[in-house]
Amino acid sequence: MSKEVTYDTTDQVDVIKGHPAEEVVSASANDQTGTAGACVSEELKNANLANSENADILEKYAADYPVGPHDKPQSMCPAFGSLRVGLRMRRVATVLSGSACCVYGLSFVSHFYGARRSVGYVPFDSESLVTGKLFEDIRDSVHDLADPDQYDAIVVTNLCVPTASGVPLRLLPNEINGVRIIGIDVPGFGVPTHAEAKDILAGAMLNFARQEVEAGP
Ligand code: SF4
């Protein structure tokens with residue numbers, strides 16, 4: 001007979017037990033509801049597969065970056081990797097296109113780390129996203145921002161939702177008033193860590209520089 005004294009039934013509860021890793025992976029693969037968390041939403045991830053606008057970019061990310069544990073963001077928003085690099089470059093403006101909550105978090109952390117300059121943001125709603133107005137808003141914002149007295153380049157970053165929705169940053173003008181316009185897609189579902197996000201920005205800027213060198217003076 002047990003000598004344990006109890007006063008209620010709170011000790012009689014079901015204990016949630018873990019599962020072997022394979023079961024977790026397979027359950028996650030079947031999750032089409034998007035309820036697993038905003039940053040790892042299978043719904044959002046699958047949306048891009050059917051999207052023809054940015055599908056080639058996302059296929060390249062899938063080929064370049066390992067999947068498995070890295071198939072989901074490994075830390076806070078991976079886009080912070082490219083954002084913080086952009087914010088450290090002189091005469092470079094940074095504009096984000098994404099959900100307001102994502103931009104809030106990214107700008108908060110940027111300033112926590114002493115960005116000392118503004119993070120540009122082009123907001124959207126369901127209508128501007130599906131009608132293509134968001135792309136026009138981004139184009140208008142870079143035209144407004146492209147002041148050669150202040151900037152040499154403007155980096156526009158598509159976060160998860162605009163990337164999955166196929167907002168085509170590659171259709172932005174290459175330069176406005178001598179200010180280079182560089183668009184990159186850095187979705188958390190295709191770019192696993194800050195390191196790869198930095199690579200994407202560095203690669204885009206190097207590609208731009210190579211084209212300028214090849215074009216000659
Ligand atoms: S952009 Fe994507 S990865 Fe970054 S905070 Fe938003 S949902 Fe998460």
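Relative accessible area is classed here as buried when under 20%, exposed when over 50% and partly exposed in between, with a 1.4 Å probe and protein chains only. This is a predicted model, in which local features need pLDDT of at least 70 and side-chain atom pairs count only at pLDDT 80 or more, while totals for chains, interfaces and linings use all residues. Residues are numbered from 1 along each chain as its sequence is written, and side-chain values use heavy atoms, with hydrogens and water left out.

1. Five salt bridges are counted, a salt bridge being a side-chain nitrogen of Lys or Arg within 4 Å of a carboxyl oxygen of Asp or Glu. The points below take up some of them.

2. Arg 180 forms a salt bridge with Glu 212, with 2.8 Å between the closest N and O atoms. This pair links distant parts of the chain, since Arg 180 belongs to strand 5 (residues 179-185) and Glu 212 to helix 9 (residues 194-215), 32 residues apart; helices (H or I, at least four residues) and strands (E, at least two) are DSSP runs numbered from the N terminus. Arg 180 is partly exposed at 26%, and Glu 212 is partly exposed at 31%.

3. Helix 9 also holds Glu 214 and Arg 210, four residues apart, or about one turn of the helix. Their salt bridge has its closest N and O atoms 3.9 Å apart. Glu 214 is exposed because its relative accessible area is 61%, whereas Arg 210, at 48%, counts as partly exposed.

4. In helix 7 (residues 133-145), Asp 137 and Lys 133 are likewise four residues apart, and their salt bridge brings the closest N and O atoms to 2.5 Å. Asp 137 is partly exposed at 21%, as is Lys 133 at 37%.
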